[in-house]
Amino acid sequence: MKQALFLILDEYADWEGAYLSSTLNQSEDWSVHTISLEDTVSSIGGFKTAVDYIIGSEPEDFNLLVMVGGNTWNNDHKKLFHLIKTAFQNNIPIGAICGGVDYLAKNGFLNDYNHTGNSVDAWNDYENYHDKSSFFQQQAVKDKNLVTANGTAPIEFTHLVLELVAFDTSENIKRMMYMYKYGFYHYCEKYGGPF
């Protein structure tokens, strides 16, 4: 079974990973786990979450790292940096949204990738960010083993991460995202019935 690790820091944005985590977790091929610097974190929406792994105790063979945005990504913890650097070095698929993308920009991880985020201008003071020409004003961008998205793009983010990990056929993923975006009744009108 493939393992997805959802990296959630305190004050994480609970809506940003919800479509992706629920889709993966309902599959027989995937298991979803949370990872953080602390054993319990709270979301912006007030959910208290007991995480599955403290960084450093995670399995070595996970198949996807999802960096869920939030208010505390301005973080210099060495274990956090090491986890993300190791995922990049091992070519593990990574999805980063909102504050997670800010962290990647600040630490120089985006320089070899086409990417997006909340605002490239917010990164002007980041000494390790060097490639504004690879920033695209899009909801989400997929390049190589990385998906980036701004904080208003949980559905687009989910779509591209599912494609990145070859979760299903491109057409089936597109249909699923259409329902999430436009609702059940529009889905039935377009595709002729439920699922």
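## Helix 2 across the sheet

Let's start with helix 2, residues 78–89, which lies across strand 1, strand 2 (30–36), strand 6, strand 7 (94–97) and strand 9 (146–149). Helix 2 runs at about 135° to strand 6. Helices (H or I, at least four residues) and strands (E, at least two) are DSSP runs, numbered from the N terminus. Axes are lines fitted to C-alpha atoms, for helices over the stretch in contact (heavy atoms within 4.5 Å), and angles run from 0 to 180 degrees between N-to-C directions.

This is a predicted model: local features need pLDDT of at least 70, side-chain atom pairs count only at pLDDT 80 or more, and totals for chains, interfaces and linings use all residues. Residues are numbered from 1 along each chain as its sequence is written, and side-chain values use heavy atoms, with hydrogens and water left out.

What order do the seven strands take? The open sheet goes 5-2-1-6-7-9-8, with mixed pairing (two strands pair if DSSP finds at least two bridges between them). Strand 5 (53–54) and strand 8 (140–143) are the edges, each pairing on one side only.

Strand 1 (residues 2–7) and strand 6 (residues 64–67) run parallel, joined by four bridges. Here F6 stands opposite V66 in strand 6.

## Helices 5 and 6

Now for helix 5 (residues 170–182) and helix 6 (residues 184–191): their axes come within 7 Å and cross at roughly 140°. Helix 5 and helix 6 are therefore oblique to each other, since angles under 35 degrees count as roughly parallel, over 145 as roughly antiparallel, 65 to 115 as roughly perpendicular and the rest as oblique.

Among the residues making the contact are Y178 of helix 5 and Y187 of helix 6.
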